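This report examines a protein model part by part. Please look at the sequence and the structure before reading on.

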Amino acid sequence: MERLTLRRPDDWHLHLRDGAALAAVVGDSARRFARAIVMPNLKPAVRTTTQALEYRSRIEAALPRGAKFEPLMTLYLTDDTPPEEIERAKRSGAVFGVKLYPAGATTHSDEGVTRLSRCFHALEKMQEVGLPLLVHGESTDPAIDVFDREQVFIEEVLGPTIERFPGLKVVLEHITTREAAQFVEVTGPNIAATITAHHLLLNRNALFMGGMRPHHYCLPVLKREMHREALVEAAVSGNPKFFLGTDSAPHARPAKETACGCAGIYTAHAAIELYASAFDEAGALDKLESFAAVHGAQFYGLPLNEERITLERTEWRVPERLAFGPEELVPLRAGETIAWKLA
Ligand code: NCD
Ligand code: ZN
């Protein structure tokens, strides 16, 4: 197959940042995707509906002229998010999820949740009004091996939570392990997962290819090959519980190339092309459209996009660096080629 036409996809997990960084990256997503679930981990975090609406206006103002792109906003869950705020968020029609960052789990998670039991009233309200909980699923116990944190979180936090709130819609974001994929498969239809392109394409060897590779460092960290294979299997399975979420997370080059570098991989410059490569390698290009443009919308109860995009099998070279406001950004596959190109 040399050309592939699909319904315009959506990105169900995206970091757009703010200010000059936002202006630098939002066009990459808007060229490919019709909508994106926008993460609220700004500094300070997007905790209220008012802040989410203001952030949405800044995103819309930063869009390239003529771009059609709908930011779907989220709130950042804290220990003291009041149920009234959940109700306001739902009523606004602009907020589509509430993000759980266990405090300390990842970039800008220090305002996050210290104990999920402190949020039970908020979760109850989310269950009632049908606002999904979007989960960064990693244990924050420093004693737990970093490669095991997703699995431990599922056993200790997520499992008990969905038992307590059986009607709560939950998206386990950016899953990285076979255990996570299996958990999502066996739970009810209100539990789904996003999968990133980088977790489909890379295993943890990519962190140490001939030396330390900070641009392959993200959270949850890349896992071993067995897990990558399980994620590919889930993504191409046709199971509607799995859908596209890039977790594209730009950081300026100096923040990555340093003694204590930030977690986050930038993939928005080639997101759907990278997914096409992963599905192609699996011999499953025919499954890309449902994963990228159908399952997520169905889970969130939103209409499917009517526009189409076309990908061509044409090699192109990714620039070594991209402009990132006054700084620069190193994208995934910098200086290398990608086999699929947006027509
Ligand atoms: C994200 C970021 O930089 O905001 N980083 C990452 O490695 N994925 C935060 C997150 O989603 O964990
Ligand atoms: Zn993320």
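## The zinc site

The site of the zinc ion (ligand 2) is irregular, with angles of 92 to 143 degrees among its four donor atoms. An irregular label follows because four donors count as tetrahedral only if all angles lie between 85 and 135 degrees. This is a predicted model.

The zinc ion (ligand 2) is coordinated at 2.0 to 2.1 Å by His13 through NE2, His15 through NE2 and Asp247 through OD. Along the chain, these donors follow the spacing H-x1-H-x231-D. His13 belongs to strand 2 (residues 11-14), while Asp247 sits in the loop between strand 9 (242-244) and helix 9, so the pair ties together parts that are 234 residues apart in sequence. Both His13 and Asp247 are buried.

## Salt bridges

The model contains 20 salt bridges. One of them joins the side chains of Arg58 and Asp18, at 2.8 Å from N to O. This pair links distant parts of the chain, since Arg58 is in helix 2 (residues 49-62) and Asp18 is in the loop between strand 2 and helix 1 (19-32), 40 residues apart. Arg58 is partly exposed, with a relative accessible area of 35%, and Asp18 also counts as partly exposed, at 27%.

Another salt bridge brings together the side chains of Glu87 and Lys125, at 3.3 Å from N to O. Glu87 lies in helix 3 (residues 83-92) and Lys125 in helix 4 (residues 120-129), 38 residues apart, and the pair links distant parts of the chain. Glu87 is partly exposed at 32% relative accessibility, whereas Lys125 is buried at 14%.

The side chains of Arg253 and Glu257 also meet in a salt bridge, at 2.8 Å from N to O. Glu257 counts as partly exposed, at 39% relative accessibility. Arg253, Glu257, Arg321 and Glu328 are linked in a network of salt bridges.

## A buried histidine

Where in the chain does His269 lie? His269 is found in the loop between helix 9 (253-256) and helix 10 (271-281). With 6% relative accessibility, His269 counts as buried, because buried means under 20%.

A polar atom of the His269 side chain lies 3.0 Å from the backbone oxygen of Leu332. Leaving aside residues up to four places away in sequence, His269 touches Asp28, Arg32, Trp316, Val318, Leu322, Pro331 and Leu332.

## Cysteines

How many disulfides are there? The count comes to zero. Cys218 is in no disulfide, and the nearest cysteine sulfur, that of Cys262, is 13 Å away. Cys218 is buried at 1% relative accessibility, and Cys119 is buried at 2%.

Key:
Residues are numbered from 1 along each chain as its sequence is written. Chains are lettered from A and ligands numbered from 1 in the order in which they are written. This is a predicted model: local features need pLDDT of at least 70, side-chain atom pairs count only at pLDDT 80 or more; totals for chains, interfaces and linings use all residues. Side-chain values use heavy atoms; hydrogens and water are left out. Helices (H or I, at least four residues) and strands (E, at least two) are DSSP runs, numbered from the N terminus. Buried means under 20% relative accessible area, exposed over 50%, partly exposed in between (1.4 Å probe, protein chains only). A polar contact is a pair of N or O atoms within 3.5 Å; within protein, one must be able to donate a hydrogen and the other to accept it, and residues adjacent in sequence count only if both atoms are side-chain atoms. Contact means heavy atoms within 4.5 Å. A disulfide is a pair of cysteine sulfur atoms within 2.5 Å. Donors are N, O and S atoms within 2.8 Å of the metal (3.2 Å for Na, K and Ca); water is not among the atoms, so sites may look incomplete. Four donors count as tetrahedral if all angles lie between 85 and 135 degrees; four count as square planar and six as octahedral if opposite donors are over 155 degrees apart and all others between 65 and 115; anything else is irregular. A salt bridge is a side-chain nitrogen of Lys or Arg within 4 Å of a carboxyl oxygen of Asp or Glu.
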